[in-house]
Amino acid sequence: MAESLPEHDRILQEIESTDTACVGPTLRSVYDDQPNAHQKFMEKLDACIRNHDREIEKMCNFHHQGFVDAITELLKVRADAEKLKVQVTDTNRRLQDAGKEVIAQTEEIIRCRVQQRNITTVVEKLQLCLPVLEMYSKLKEQMSVKRYYSALKTMEQLENLYLPRVSQYRFCQIMIENLPKLREEIKEISMSDLKDFLESIRKHSDRIGETAMKQAQQQKTFSTALQKQHNVNYGRNTPLGRNRILESKNEITLKRTFEDEDEHEEEVLTAQDLVDFSPVYRCLHIYSVLGDGEIFENYYRKQRRKQARLVLQPQSSMHETVEGYRRYFSQIVGFFVVEDHILHVTQGLVTRTYTDELWNMALSKIIAVLRTHSSYCSDPDLVLELKNLIVVFADTLQGYGFPVNRLFDLLFEIRDQYNETLLKKWSGLFRDIFEADNYSPIPVANEEEYRIVISKFPFQDPELDKSFPKKLPMSQSVPQIYMQVKEFIYASLKFSESLHRSSTEIDDMLRKSTNLLLTRTLSSCLQNLIKKPHIGLTELVQIIINTTHLEQACKYLEDFISNITNISQLTVHTARLYGLSTFKDARHAAEGEIYTKLNQKIDEFIQIADYDWTMSESDGRASGYLMDLINFLRSTFQVFTHLPGKVAQTACMSACQHLSMSLMQMLLDSELKQISMGAIQQFNLDVIQCELFASSEPVPGFQGDTLQLAFIDLRQLLDLFMVWDWSTYLADYGQATSKYLRVNPSTALTLLEKMKDSSKKNNIFAQFRKNDRDKQKLIETVVKQLRSLVNGMSQHT
């Protein structure tokens, strides 16, 4: 029990010293203690409360008197407080009356200070807004003067620097709303300027290209002139033959290049000088700033591709004049010069890959167009000018870095076409020369005329006879043809220049084209000339002589080509001219035509023969037609003196054989039903004249009676009938030593039957029947024997 009392004192102390909110755990400890501890704690608590009450009572008793004294003092002070209140109220009233003016002044001061503060705030805000307004005004001004790139920079400053400072103001919101519209307006305007630029550049492409091509040509001419001057200084001249082509051009170039150098430099213009590229730069910068650079690049490339297709589309009549080709090339060069300029002055708008792709597309189209249109060109001068344009075109674009090898390959195709047009042109020239020729030897009155002829044609006089006047064996067409062949070689050489080919290749090309001229064009013209009906024997003889001299001149043509190309004929790969075969073929054709025309002329004389096949006796002289024919042959063969001996002999033999055969056919003609002995005698007189002509050696060179053998068949047949030597004929038939070996039994039978029929109608054999009937029987016997010989020959066959 004694132990619990101190515990209760401790709990009471905790209760007195602890916050009431924390009393719970303390009280719980009372109930957690021994049984009846709660009763004891309550008793202890009551005792503690009584102790505190006694202490409070003691304290109140101790301070009661002081409290009473204080109340008494307070009551005394009330009266003084009332007085003080009245005084304070009065003082306050008087102070209020006195402070009204001060208050009014104070309020005025306050209002002014508020105004001052507001003004200061306004000034501060205006200081923030003024730069914005100034920048916006600047933006408007830049828009008005079309400084769009600067305007975009100003917009960027407004958005990023100025407007965020004053974004709370309504006018700023209006500005912010307007800026995207201004950007779109700038894009539209710059795009419109770009479209105008693209339209302008399409119109000015030909001028740009023309200027670029002219500058490239001037540069090439200047370089050639410098190289020429360098070669002259060191004694390395160009080959002699080529001077004919280059002499005038080089002289003019050497003179003008150095005299007009300053003038050329002043005239040098670039694409930027001819066209204002600022719309492209401006539009590119604008779209780049706006973040749409890729869109702009795609649009620009798409539009330029469309323009490229338009530029590459030629006019349908382009092939008619060189100006059409020049305009076409100028537009293409202008297009790619612009693209090259854009490539080098901009970053990424066009790339080398893009330009190469565009050029490859264009090159394929250009080659196809040139193939098509050049095929329409029939004028070699136009084809040559086209070639020169293509070379300048290729050199110009090569100077800008575009590959042009395919263009030079195309030139080789056009070269073949150029050669074809040359061949057609020279075919006409050859025809004109042949038409104008009189086919007579060239008369030379003096040495000056002789020198003029040999200056045109390498004629070598074998007799070295310098006496004048004289006649050269060939006709006027020979030097003209020779000069035209040389002109053809010059014309072919013109195309071969500037093709970046070696001298060996040029030499090969010249020889091939010259071979075509000789073997195809000249050969065809000669063949056609020989076949013309108005070309007579005299002309044919002269043609043979002409071709002989032209054939001899072929070696000089080969030397001429070698001098031009500076390639020796001893080079392994050097081609040879085929002129020898050409002129030989022409001679053979002319010889054949001579034989044919001689035979035709003989046939004409034979056709006018008018024999009286029933005449009783001959006229005692040869027929007039035959004498005319022999005179014609004699005069004709006199013309053959300038022909090679073999040709003249062959022509003479052919004519005699044809005459003999024609006379034989006249006797054996199926329409001729009867022949009298008088007609046989007359016919014999004519054959005798033919034999006399053959024995007179109309053409030298025949051995013995070779030419007379042409008439041996006729002679033996006529002798058989004139001598009436049938017994000898029949007895010796089939023997090599027979006197009438050349008489065919069928021929003899045919003629004998015609004479037999004639005797029946005209009683030609009446005298024989009266005087000698045995002879009539002999005729019948001969006819039977001849028929048996003919039948035996047919069975043997």
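Which residue caps the N-terminal end of helix 13? Select Asp379: a side-chain oxygen of this residue lies 3.1 Å from the backbone nitrogen of Asp381 and caps that end of helix 13.

Before going further, note that this is a predicted model, in which local features need pLDDT of at least 70, side-chain atom pairs count only at pLDDT 80 or more, and totals for chains, interfaces and linings use all residues. Residues are numbered from 1 along each chain as its sequence is written, and side-chain values use heavy atoms, with hydrogens and water left out.

**Whole chain**

Show the whole protein chain, which has 28 helices and two strands. Helices (H or I, at least four residues) and strands (E, at least two) are DSSP runs, numbered from the N terminus. Of the 797 residues, 41% count as buried; buried means under 20% relative accessible area, exposed over 50%, and partly exposed in between (1.4 Å probe, protein chains only). The accessible surface comes to about 44,900 Å², and carbon and sulfur atoms account for 51% of that. Accessible areas come from the Shrake-Rupley method with a 1.4 Å probe; for residues, only the protein chains shown count as cover.

**Helix 13**

Select residues 380–399. Helix 13 has 20 residues and reaches 28 Å from its first C-alpha to its last, close to the 28 Å expected at 1.5 Å a residue. The expected span is 1.5 Å times one less than the number of residues. Of the 20 residues, 15 are buried, so helix 13 is largely enclosed by the rest of the structure. Move on to Gly401, which follows the helix and has a positive phi, near 90°.

**Two loops**

Next, select Lys146, in the loop between helix 3 (37–144) and helix 4 (148–162). Its phi is near 65°, a positive value in a residue other than glycine. Is Lys146 buried or exposed? Lys146 counts as exposed because its relative accessibility is 54%.

Then go to Glu697, in the loop between helix 23 (677–695) and helix 24 (712–723). Glu697, also not a glycine, has a positive phi near 55°. Its relative accessible area is 43%, so Glu697 is partly exposed.

**A nonpolar patch**

Finally, select Phe67, Val68, Ile71, Leu74 and Leu75, which make a nonpolar surface patch of about 480 Å². Patches are made of residues with over 30% relative accessible area and no salt bridge; like charges are joined within 9 Å, and nonpolar side chains (Val, Leu, Ile, Met, Phe, Trp, Tyr) within 5 Å. A salt bridge is a side-chain nitrogen of Lys or Arg within 4 Å of a carboxyl oxygen of Asp or Glu. Ile71 is found in helix 3 and, at 37% relative accessibility, counts as partly exposed.

Conventions: Polar contact = N/O pair within 3.5 Å; in protein donor to acceptor, adjacent residues only side chain to side chain.
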